[in-house]
Amino acid sequence: MQIKHLMGILAAAALASATLPAAAETVVIVSQKNPATRMFAEQASQFFLGKSNMFTPIDQAEGSHIRNEFYQKLTDKDAAQVKALWSKLVFTGKATPPKEYKSNAEVKKAVAEDPKAIGYIDKSAVDDTVKVILTLP
């Protein structure tokens with residue numbers, strides 16, 4: 001009797017986990033015109049934290065789930081910490097903050113049109129207008 005009960009619990013748990021949405025993978029993208037083909041997370045973080053101006057970072061909307069998740073995965077900092085870093089850079093005149101866009105489609109379009117741009121979107125939004133150079137799990 002106990003085995004039947006245990007099997008029922010396991011079946012219910014498997015069913016419940018199957019109905020949960022899978023976490024979306026976030027990818028770092030550049031224009032097809034950009035010569036970069038691959039990048040390490042440490043390199044990408046330099047652009048999104050204002051430590052290098054080789055690429056122009058494009059950001060998702062402030063407060064968006066993808067933005068918060070992206071910065072946590074890439075830099076191990078939350079969005080508020082990143083905002084504070086950018087505020088300091090702007091105040092001291094060392095950098096201009098990334099331009100923000102409201103959706104994956106807008107980020108993708110902005111990156112596709114600018115060979116120096118670097119952005120991030122959900123992997124499911126990738127098409128042939130941009131190149132994926134880094135995938136964040």
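Reply: T26 stands opposite D122 in strand 4. That pairing belongs to strand 1, residues 26–31. Strand 1 and strand 4 (117–122) run antiparallel, with five bridges between them. Two strands count as paired if DSSP finds at least two bridges between them. Strand 1 has another antiparallel partner, strand 5, over six bridges. There, I29 stands opposite V132. Strand 5 spans residues 130–136.

A word on the ground rules. The model is predicted, so local features need pLDDT of at least 70 and side-chain atom pairs need 80 or more, while totals for chains, interfaces and linings use all residues. Residues are numbered from 1 along each chain as its sequence is written, and side-chain values use heavy atoms, with hydrogens and water left out. Helices (H or I, at least four residues) and strands (E, at least two) are DSSP runs, numbered from the N terminus.

Back to strand 1. Six of its six residues are buried. Buried means under 20% relative accessible area, exposed means over 50%, and partly exposed lies in between (1.4 Å probe, protein chains only).

E25 and K123 meet through their side chains, N to O at 3.2 Å. The criterion is a side-chain nitrogen of Lys or Arg within 4 Å of a carboxyl oxygen of Asp or Glu. E25 is in the loop between helix 1 (2–18) and strand 1, K123 is in the loop between strand 4 and strand 5, and the two are 98 residues apart. E25 counts as partly exposed because its relative accessibility is 32%. K123 is partly exposed too, at 42%.

Now the helices. What covers the buried residues of helix 2 includes strand 1, strand 4 and strand 5, along with strand 2, helix 3 and helix 4 (79–91). Covering rests on contacts, that is, heavy atoms within 4.5 Å. Helix 2 spans residues 41–48, and its buried residues are A44, S45, F47 and F48. Seen down the helix 2 axis, they fall within an arc of 155°, so they line one face. The arc is taken from the directions between the helix axis and the C-beta atoms. Just after helix 2 comes G50, with a positive phi of about 75°.

Helix 5 covers residues 104–113, and N104, V107, K108, A110, V111 and A112 are buried in it. Its cover includes strand 1, strand 4 and strand 5 as well, plus strand 2 (56–60), helix 3 (65–75) and strand 3 (99–101).

E62 has 47% relative accessibility, so it counts as partly exposed. K83 is partly exposed at 43%.

K73 and E69 form another bridge, with closest N and O atoms 3.4 Å apart. Both lie in helix 3, four residues apart, about one turn of the helix. K73 is partly exposed at 34% relative accessible area, and E69 is partly exposed at 21%. D59, R67 and E100 join in a network of salt bridges.

The protein has five helices and five strands, in the order α-β-α-β-α-α-β-α-β-β from the N terminus. Of its 137 residues, 35% are buried. Among contacts between residues at least 6 apart in sequence, 74% join residues at least 24 apart. The accessible surface is about 8,600 Å², 60% of it from carbon and sulfur atoms. That area comes from the Shrake-Rupley method with a 1.4 Å probe; for residues, only the protein chains shown count as cover.

Confidence comes last. Mean pLDDT is 88, and 83% of residues reach 70 or more. Over residues 5–21 pLDDT is below 50, and this stretch has zero contacts in the model beyond near neighbours in sequence. The score is the predictor's confidence in each residue, from 0 to 100. Where it is low, the predicted coordinates should not be read in detail.
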